[in-house]
Amino acid sequence: MRTLPFLTALFLLLGALALPAQQTLKNTITGQVADAQTGAAVAYATVTLFARADSSLAGGAITDESGGFSIAAQAGRYYARIEFLAYQPYWVGDIELTAARPSRELGLLALQPAENLLDEVVVQAEKSSMQLALDKKIFNVGKDLANAGGNAADVLSNIPSVSVDVEGNVSLRGTNNVRILIDGKPSGLVSFKGADGLRQLPGNLIDRVEIITNASARYEAEGTGGVINIILKKERKDGLNGSFDLIAGYPTNFGSAINLNYRKKNLNLFLNYGISYRNSPGNGEVYQEVYDGDTTYIYQQNNSRDQKGFNNNIRGGLDYFFNPKNSITASYTWRHSKSNRLSTLEYFDYLFSSTQLTGISTRTQDEQEIEPNSEYALNYKKTFAREGHELVAEVRYLDNWEDSDQDFVQRAFLPDYTPSGEADLLQHSFNKETEKQLLLQLDYVQPFGKEGKFEAGWRTSFRDMTNDYRVEQLAGGVWTPDPGLTNYFVYNENIHAAYGIFGNKIKRFSYQLGLRVEMTDVTTTLEQTNEVNPRDYTNLFPSLHFTYDLKNQNALQLSYSRRVRRPRYWDLSPFFTFTDNRNFFSGNPDLEPEFTDAYEIGHIKYMEQGSISSALYYRHTTGKIERIRRVDEQGNATTRPENLSTEDAFGAEFTAAYSPYKWWKLDGNFNFFRAITDGGNLGASFQSDTYSWFARLTSRFSFWKNTDLQLRGNYESRAQTTQGYRKPTWFIDLAISKDILNNNGTLTLNVSDLFNTRRHRSVSEGDTFYTYNDFQWRARQINLTLNYRLHQQKKESKKSMDEGGGDF
C-alpha cells in the first residue's frame with residue numbers, strides 16, 4: 001500500500017500539466033513514415049515542424065514503432081521535415097490548419113535510402129550516438145569511438161545508466177537484475193556465465209543497443225531492473241554492401257569482423273563473422289580479519305590472472321519477400337569459444353597483527369575451457385492493407401554446451417618462504433554443462449480508429465540444462481572424488497505466457513494498458529543425492545503507460561509495470577567455484593523469485609541542437625536476491641545468493657545530447673538514487689540505507705580533414721551494501737579517428753581507462769569478520785581499429801527543400 005500515494009501524486013502532477021496545454025493547442029498533424037523500397041514502418045524518425053512565415057521551430061515528434069506520429073499545433077501555415085538514419089530528408093510543404101480544418105492527415109510518407117543521394121555538395125551525415133524516446137533509449141554503437149576493438153561487454157560499459165563490474169555483471173540504474181536480449185530474444189551467450197558471456201561477442205558485430213527501463217506487457221516479465229536489447233548488424237540495401245574491421249591492441253587483442261549484405265529484388269542475404277584472440281590480465285588483493293574470542297586471525301591474499309581467449313562468431317541468413325505483405329527470415333548463429341585461464345594466488349597468514357607472519361601458501365590454477373553455441377531462428381511476418389496491421393510468428397532453438405577442465409596445485413611455505421615439508425595438494429575438477437531451449441512466439445497487432453492499436457501475443461519456452469561436476473584429489477597416488485563437490489545437477493524450466501495490450505490517442509493524450517500472464521514450472525534435481533526441488537507458480541504482470549504531448553516539443557510519460565527475477569540456473573546450482581579454496585561462490589537451490597513494482601515518470605524535450613530526457617523512478621521489491629558472504633572460524637568464506645525481505649529504491653536520472661556547434665557534440669548522463677534494503681529475515685545486521693550516484697560525460701570534436709576526437713569521463717560514487725560498502729570508481733576513456741581511403745575507411749585509436757584507475761574496491765563486515773577486496777580484472781586497453789565500408793557512403797549530399805521528397 002505504500003506505493004499508492006506515490007502513484008496518486010504522479011497522476012495529479014500529470015493532470016496539472018495537461019490542463020493548460022489542452023486549452024491552447026487543439027489542432028493536430030498526423031502521418032505515417034515508411035521505407036520506400038520495402039514498405040516497412042520506420043520507427044524513431046524525427047519529424048520537425050516549421051512555421052512557413054519565418055521558418056521558426058513550431059513543434060515536432062518521434063515516430064512510434066508502427067511509423068506513426070502526431071503533432072499538436074496552433075492554427076497557421078507550416079512545413080515539415082522528416083529525417084532518419086541512412087535516409088534522404090523528406091520535406092512536406094504547405095500544411096495549413098484552420099478553424100474549418102483543424103487536423104491534417106499527411107498520409108504515407110515514403111523515405112528513400114541515402115545511397116541514392118548525389119554528391120554535388122558533400123556534408124558529413126552520421127548517426128547520432130544516442131536517440132532518446134520516452135519508452136526507450138537507443139545507442140548507435142558505431143558512432144561511439146570508445147567501442148572500437150571491444151566486445152559486447154565493453155560496449156555496454158560505455159552506455160549511460162549501464163555499468164559492468166569486474167566479473168562482467170551488468171547493472172542498470174544500480175540494479176543488476178537486467179534482462180539481456182540479442183535481437184529481441186534470449187541468447188545462449190548469457191546462459192552459463194550470465195552477462196560475462198558477452199565478452200565472447202565482438203563489438204564490431206553490434207549495430208545498436210536499446211535500453212528499456214520500464215517495459216510493457218509485450219516483453220517477457222523477466223528483469224526487474226529493465227531490458228537491454230542488443231541489435232546485431234543487418235542491412236537491406238540493394239546490391240552488395242557491407243563493412244570490414246581489423247583490430248590490434250595491447251594487452252593482446254587481435255581480431256577481425258565482416259558484415260556483408262546482398263539484396264536483389266525479393267531476396268536479401270546477410271552474413272556476419274567475427275574472430276578474435278585476446279589476453280585479459282588481471283590482479284587483486286584480499287585482506288581479511290576473523291575474530292574468535294580474544295584471537296584475531298589475519299590473512300592477506302595477492303592474486304594475478306591471465307585469461308587467453310580465442311572466439312569465433314558467425315551468423316548468416318536470408319530475408320525472402322514473397323510479396324510486399326509477406327516475408328520470411330531464416331538465420332543460423334554459431335559461436336565457438338576456447339580459453340585458457342592461468343591464475344596464481346598467494347596467502348599470507350598472520351596472528352593478531354600483520355607483523356606476526358605464521359605461514360605462506362600458494363595456489364595455482366590452469367583451466368582449459370571450450371564453449372560451442374548454436375542458435376536457429378525462423379521468422380514469418382505478414383502485413384495487411386492497413387499500415388501497422390501485422391502478424392509475426394517465430395520459432396527459435398538453442399543448443400549450447402561447455403566443457404571445463406581445471407588443475408590446481410597448492411604448496412605450503414614457512415614464513416621465510418622456504419618449503420614447509422608438507423606434501424603438495426593436487427586437485428582436478430571436471431565440469432560439463434549443456435543447454436537446450438525451444439522458443440515459440442506469436443505476436444499480432446491490429447490498429448483501430450484513427451490512432452488506436454490492439455496487440456496480443458503468445459510465447460512458450462522449454463529449457464533443459466545440466467551440470468556434471470566432479471572434483472578429485474590425489475591421495476596415495478590415486479585420484480579420489482570429493483563427495484561434497486561431486487554431483488549431477490539438472491535444471492528443467494518451462495514458461496508459458498500470453499499478453500494483451502490496448503492503446504489509443506485522444507488529441508495530445510495517449511495511453512497503453514497491458515496485461516501479461518506467465519506460468520512457470522521449474523524443477524531442479526541433484527541426481528547423486530536425489531534432491532528434487534519443484535517450483536510451479538502463475539503470475540499476472542500488468543503494465544500502464546500514459547503519455548501527454550506538451551507544446552514546444554515536450555512530452556511527459558507516466559508508466560508502471562510489474563516485473564520478476566526468477567532464480568536463474570547459476571543462482572540455483574550448488575557447486576562451488578574452486579579457484580580460491582578460501583573464498584567459495586555458489587548458487588542456492590532454495591532461492592525464491594523476487595518481484596518488483598516499478599513506477600516511472602519521464603519527460604523529454606526535443607531541440608534543434610539536441611534533446612534532453614529526465615525521469616523519476618521508484619521500485620518496490622519483495623524477496624530481494626542478494627549475494628551474502630559468511631566466514632567460518634577457519635577464515636573460509638562462502639558467498640551465495642539469498643532472499644532478503646524488501647528493497648525500496650528511489651531515483652532521478654537525466655540524459656542529454658547537445659551539439660553547441662557542428663564540430664562539437666556532447667552527451668551526458670547523471671543518475672542519483674537511494675536504496676533501502678531490509679534483510680531482517682536473515683538477521684538484524686542485514687540492513688542498508690544508501691545514497692549513491694554515477695555520472696558520465698562524453699565530448700566529441702570534429703576537426704581537421706575528417707578527424708574526430710572523443711573524451712569520456714566516468715564516475716560512480718561510494719554505495720552502502722547489505723554487509724558493508726563499495727568504494728568510488730572513476731576512469732577516463734580517450735579515442736581519435738580519421739576517415740581515410742577516399743572516406744570509405746576509418747582508422748580509430750582508443751584507450752580505455754587512460755590512467756588505469758578502474759578498480760573494484762569493497763568492504764564486507766560481519767560479527768566475526770572484516771574483509772577488504774581490491775580487484776582489477778580489466779586493465780587499461782589500447783586498440784587500433786581499421787574499418788572499411790563497401791558501398792556504404794559516409795558522405796551524403798546536401799539538397800535544398802525543393803529537391804527533397806514530398807509535396808513542398
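Me: What is the relative accessible area of Trp663?
Reply: The model is predicted: local features need pLDDT of at least 70, side-chain atom pairs count only at pLDDT 80 or more, and totals for chains, interfaces and linings use all residues. Residues are numbered from 1 along each chain as its sequence is written, and side-chain values use heavy atoms, leaving out hydrogens and water. Buried means under 20% relative accessible area, exposed over 50%, and partly exposed in between (1.4 Å probe, protein chains only). Trp663 is partly exposed, its value being 42%.

Me: What is the angle between the planes of Trp663 and Phe701?
Reply: Rings of Phe, Tyr and Trp (its six-membered ring) pair if their centres lie within 6.5 Å; planes under 30 degrees apart count as stacked, over 60 as edge-to-face and the rest as tilted. The whole structure holds 26 aromatic pairs. Trp663 and Phe701 form a stacked one, 6.4 Å centre to centre, with the planes at 25°.

Me: Over which ring does the charged end of Lys738 sit?
Reply: A charge sits over a ring if NZ of Lys or CZ of Arg is within 6 Å of the ring centre and within 35 degrees of the ring normal. At 5.0 Å from the centre, the charged end of Lys738 sits over the ring of Trp704.

Me: Which side chain of opposite charge is nearest to Arg363?
Reply: Lys and Arg count as positive and Asp and Glu as negative, while His and the chain ends are not counted. A salt bridge needs a side-chain nitrogen of Lys or Arg within 4 Å of a carboxyl oxygen of Asp or Glu. Arg363 is buried yet has no salt bridge; 6.2 Å away lies the nearest side chain of opposite charge, Asp580.
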